[in-house]
Amino acid sequence: MALPEYKKSFLETCVSAGALKFGTFTLKSKRVSPYFFNAGLFHRADLLRSMSLAYAQSVKAHGDADSSFDFDVLFGPAYKGIPLAATTIDKLADLDAAKYGKKSYSFNRKEAKTHGEGGNIVGASLKGQKIVIIDDVITAGTAIREAIDIIKREGGELVGIIVAFDRQEKTPTENDDDGKPGPSAIGEVRKQYGIPVLSILTLDDIVEFLRSQGSEDDIKRLDEYRAKYKASD
């Protein structure tokens, strides 16, 4: 199936910026991956604009497909989520001012402020609001669960999560190279909290993109890696 234009455009930007590379990369999990995605390289203004637009288009696409999906606040966990929340909410308003122009964003402080208004939430209050968390990736799920705990503690209702990339692979274990599918960190979050976990891109998207580029060697290596570490969800 052909990729939506916004996914294709973002993939082209990722490749040209070096944020998506193909080769041989040893991950923190010790798996040897044929590709590497580094969202941290999107610090330049034009690249950040491209990423925040892709986040916004992904949120809008889901909202257009599911009319029941709505939110009040885009929450960016400190620290990486902070610029993502601010720039993405701006792009959402550009895409559809009537629907998203009055939406808000907020983020947490790592240490609670003891003077002034106090607290550890900056921006919109989370109390009584429907919240979507925005972050770059979900690896083990620890950081995202910490963000969920903050939202619950502040009285908000979590209705969704969006990340830049879903590797669609099972969570690492001691003997995980047996080719048997297992649950992914994103799948476990979906199952535990019963909410949509969206992503701009997935591994399937990368493979589809490469098919259109005629990169047979890279496709073969990605297919082999995917077969070895495929997620069951």
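The model is predicted. It holds 12 salt bridges. Its largest nonpolar core has 43 residues, and a second, separate core has 22.

**Salt bridges**

- Side chains of opposite charge can pair when their charged atoms come close.
- D204 belongs to helix α7 and R226 to helix α8 (residues 216–229), so the pair links parts that are 22 residues apart in sequence.
- D204 counts as partly exposed, because its relative accessibility is 37%.
- The D204 and R226 pair is part of a network of salt bridges that links D204, R211, D223 and R226.
- E169 forms a salt bridge with R167, and their closest N and O atoms are 2.9 Å apart.
- E169 counts as buried because its relative accessibility is 11%, and the cut-off for buried is under 20%.

**Nonpolar cores**

- Within the largest nonpolar core, the residues with the most contacts are F10, C14, Y35, M51, Y55, F71 and I206.
- Helix α2 gives the most to this core, with 6 residues.
- What does F71 touch, leaving aside its neighbours within four places in sequence? F71 is in contact with V59, I89, L92, Y100, K103, K130, V132 and V159.
- The second core is separate, and includes I148, I186, V189 and Y193.

**A closer look at S52**

- S52 lies in helix α2, which runs over residues 45–65.
- Is S52 buried or exposed? S52 counts as buried, because its relative accessibility is 2%.
- A polar atom of the S52 side chain lies 3.1 Å from the backbone oxygen of R49.
- Apart from neighbours within four places in sequence, S52 is in contact with T87, T88 and K91.

Key:
Residues are numbered from 1 along each chain as its sequence is written. This is a predicted model: local features need pLDDT of at least 70, side-chain atom pairs count only at pLDDT 80 or more; totals for chains, interfaces and linings use all residues. Side-chain values use heavy atoms; hydrogens and water are left out. Helices (H or I, at least four residues) and strands (E, at least two) are DSSP runs, numbered from the N terminus. Buried means under 20% relative accessible area, exposed over 50%, partly exposed in between (1.4 Å probe, protein chains only). A polar contact is a pair of N or O atoms within 3.5 Å; within protein, one must be able to donate a hydrogen and the other to accept it, and residues adjacent in sequence count only if both atoms are side-chain atoms. Contact means heavy atoms within 4.5 Å. A salt bridge is a side-chain nitrogen of Lys or Arg within 4 Å of a carboxyl oxygen of Asp or Glu. A nonpolar core is a set of buried Ala, Val, Leu, Ile, Met, Phe, Trp, Tyr and Cys residues joined through side-chain atoms within 4.5 Å.
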